[in-house]
Amino acid sequence: MNCNNCSSKISYLYLLGSYLKSFSYEDVKCPGCGDTYSVTFFSRAVFSLFIMLPSYFFSKLSFSFKQIFIINVVYLISIILSMPFILRLKKASTEI
């Protein structure tokens with residue numbers, strides 16, 4: 001992603017680190033100019049569905065608990081690593 005204000009690149013690792021710091025969709029600041037971006041509501045909803053629905057369906061499969069646990073852990077790790085690609089940012093409003 002590039003900053004809309006200063007056109008500096010916001011790296012994958014920077015975005016992933018800011019998402020993993022709090023797990024609460026806190027605002028992301030541009031490392032170049034300090035502009036603030038927030039995660040859109042729609043991408044929050046899509047990300048929640050990516051986590052909840054497959055986990056539910058995996059639990060309905062006729063595998064042992066250990067196999068379902070391993071499937072869920074691998075799936076959740078892959079979803080967490082893809083967070084910067086799934087979550088979309090918009091410039092945060094400065095209104096109070």
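A: In this predicted model, the sulfur of cysteine 3 has its closest cysteine sulfur in cysteine 33, at 3.7 Å. That is too far for a bond, because a disulfide requires the two sulfur atoms to lie within 2.5 Å. Cysteine 6 is in no disulfide either, with the sulfur of cysteine 30 as the nearest cysteine sulfur, 3.7 Å away. The structure as a whole holds zero disulfides. Cysteine 3 is buried, at a relative accessible area of 3%, whereas cysteine 6 counts as partly exposed, at 34%.

Two of the cysteines named above also belong to the surroundings of tyrosine 37. Beyond its neighbours within four places in sequence, tyrosine 37 is in contact with residues including Cys3, Cys30, Met1, Ile10, Val28 and Leu89. Lys91 is also among these contacts, and lysine 91, in β3, stands opposite tyrosine 37.

β2 and β3 pair in the antiparallel sense over three bridges. The open sheet has three strands in the order β1-β2-β3, with antiparallel pairing. β1 (28–29) and β3 (89–91) stand at its edges and have a single partner strand each, so one side of each is left without a neighbour in the sheet.

Tyr37 also takes part in the largest nonpolar core, which has 15 residues. Tyr37 is one of the residues that touch the most other members, along with Leu15, Tyr19, Phe47, Leu87 and Leu89. The elements giving two or more residues to this core are α1 (12–22), β2 (36–39), α3 (65–81) and α4 (83–86).

Note on methods:
Residues are numbered from 1 along each chain as its sequence is written. This is a predicted model: local features need pLDDT of at least 70, side-chain atom pairs count only at pLDDT 80 or more; totals for chains, interfaces and linings use all residues. Side-chain values use heavy atoms; hydrogens and water are left out. A nonpolar core is a set of buried Ala, Val, Leu, Ile, Met, Phe, Trp, Tyr and Cys residues joined through side-chain atoms within 4.5 Å. Buried means under 20% relative accessible area, exposed over 50%, partly exposed in between (1.4 Å probe, protein chains only). Helices (H or I, at least four residues) and strands (E, at least two) are DSSP runs, numbered from the N terminus. Contact means heavy atoms within 4.5 Å. Two strands pair if DSSP finds at least two bridges between them.
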